[in-house]
Amino acid sequence: MLCTRLTNARFLTMDPDHPVAHDLGIWQGRIAGLDEAVTSLPAREVVDLQGATVLPGFIDAHVHLAWTGFKQITPSIAGRTRVEDVLAVVAEAVARTRAPGDWVSIAGYDQRALGRHLTAAELDRVSDGRKLYLLHDSGHGCVVNTAVLDLLPADIPHENGFLAEQAMGAARALRLPHAQEDLAEAIGRAARTCLAEGVTACAEAGIGGTLFGHSPVELGAYQLARDKDLLPLRVQLMVSADRLRPVAAHEADGIPRALDLGLRTGFGDDRLSVGALKVYTDGGMMARTAALTSPYEGLDHAGQLQGDPAVLTDLVVDGHLAGWQLAVHAIGDRAADIALDAIECAQRIRPRPEARHRIEHAGLIRPDQLPRMARLGVSAVVQPNFLRCFGDDYASIMGEERTPWMYRGRAFLDHGIPLVGSSDRPVADGSPLRAVQFMSERASTSGQFIGPDEAVTVDQALHAYTVAGARACHWEDRLGSLTPGKHADLVVLADDPRSVDISRIGAIEVVETYVDGRPSRPHA
């Protein structure tokens, strides 16, 4: 007997052997069969989906759950365009704290809305003895007041209180890490948001590290969230590469650096596991720190790398030798060169064609870099909603020649490079459907077309958020398509993304999300 049979729906299976179905059977959390194989079988529950469209649950291959959850409850200055309005929000947050010396966190900081960066002196006017920390929306910088600057070593560079990349990490290190209970609650909040948008599995893009980590024991918070039933979807954890340390291992093992106990990609189970090793090579376009080969339009610099290229290469090589899948953050084209050089070096020393190394973001890829990416077998894990939300700004700082190279789609596929969809939530909108719409029409929210030649078909965009996402996370044997034997992770949509006008895809209602055959909103 089936546990559940879903009927009267259009199942877009993403499985070429059975692309469309009308019935789907579920038994013990797995897909038992499709159509005639299950239609006549008895079931404890039969759910009439009333003509809805059903897809495999979306996979977000690059997201920040803890950060998302904390941002949802942090005072925000998003949308403020006047310094005085920003300071008023900060002053209100300061007034809610208990004592001088407290830390006050503010979300939503983006200098583009103000036309310039805030300064420490301006924050001092409303700090009342507190330590102020305004995190840039990109995650690659922050602005702090003098009370924080006074605690930093004299050699930490800043621009009137704005700290970028590793300098931001120095400011973060002054604070006690988040408590495990608080982290677990934040993770749960973000996970529920993902589930509501049809995401049933995701890759958390960097735990435990200086830049985006929230605690040196952050993995334990995810275990706690799971133990407390706060983790309603599947999560794979990327580990920040700065957590590696030299180890005394047998020479034949070839492991120069590792996590304690030798933990690496693949440890865990179907609900919570360790994924790729996250290596940062540069910053971000929002903060103007992505590393380019030529300067930003209208600026006198070309961004920055996260460290000396030789040091970054050694980190990539050591991670590869230790058996990790690598997820190398590279937004600018100069950073992509560093990433590809390092991966090529690693594969030359110890070939691992099955490693499925990834370039996270691949935000600006020159034409000459495409054949090299294909040759090395790396995936491009892109965030289409970056251009949907920020494309007008990005185009202005890249200029006419480079704009078509941003967050590519068609060129990756034409070169045989796996195209993987993701959000980088909370940096940008996390909706997979709105991302699919952008990938197919390449229009920003203002209507400006950004690299229209990079548009892909709706089927290809859906593939990026299902089949390709599963493969990038080594989940293809259990997720990514509605195939018998795989987990019954599904998203029920009010319309078929392949049938409606492309401009309407992003507005399609997510009716229900299933994980292991169980709906997020159980039926009465």
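Me: Hi! Before we look at strands, when do two of them count as a pair?
Reply: Two strands pair if DSSP finds at least two bridges between them. Keep in mind that this is a predicted model.

Me: Which residue is the bridge partner of valine 328?
Reply: That would be isoleucine 359, in β17.

Me: Which helix packs on the sheet there, touching β16 and β17?
Reply: Helix α11, residues 333–349, does that. The direction of α11 makes about 155 degrees with that of β16.

Me: Let's zoom out. What is the strand order in that open sheet?
Reply: The order is β6-β11-β12-β15-β16-β17-β18-β19, which makes 8 strands with parallel pairing. At the edges sit β6 (58–63) and β19 (419–421), each pairing on one side only. On average, neighbouring strands are turned by 25 degrees against each other, direction ignored.

Me: New topic: pockets. What volume does the largest one have?
Reply: About 1,000 Å³.

Me: And which residues lie nearest its centre?
Reply: Phe70, Ser105, Arg175, His178 and His214 do, out of 38 residues that line the largest pocket.

Me: Which element gives the most to that lining?
Reply: β7 does, with 6 residues. The elements giving two or more residues are α2 (65–71), β7 (103–109), β8 (131–136) and α7 (166–172).

Me: Last one: how many of the lining residues are nonpolar, polar or charged?
Reply: The lining of the largest pocket has 17 nonpolar, 14 polar and 7 charged residues.

Conventions: Residues numbered from 1 in each chain as written. Predicted model: local features only at pLDDT ≥ 70, side-chain atom pairs only at ≥ 80, totals over all residues. Heavy atoms only, no water. Helix = DSSP H or I, 4+ residues; strand = E, 2+ residues; numbered from the N terminus. Axes fitted to C-alpha atoms, helices over the stretch in contact; angles between N-to-C directions. Contact = heavy atoms within 4.5 Å. 1 Å grid on protein atoms, 1.4 Å probe; cavity = no way out; pocket = protein on both sides within 12 Å on 5 of 7 lines; lining within 4 Å. Points joined across faces, edges and corners; volume = space filled by probe spheres on them. Nonpolar A, V, L, I, M, F, W, Y, C, P; charged D, E, K, R; others polar.
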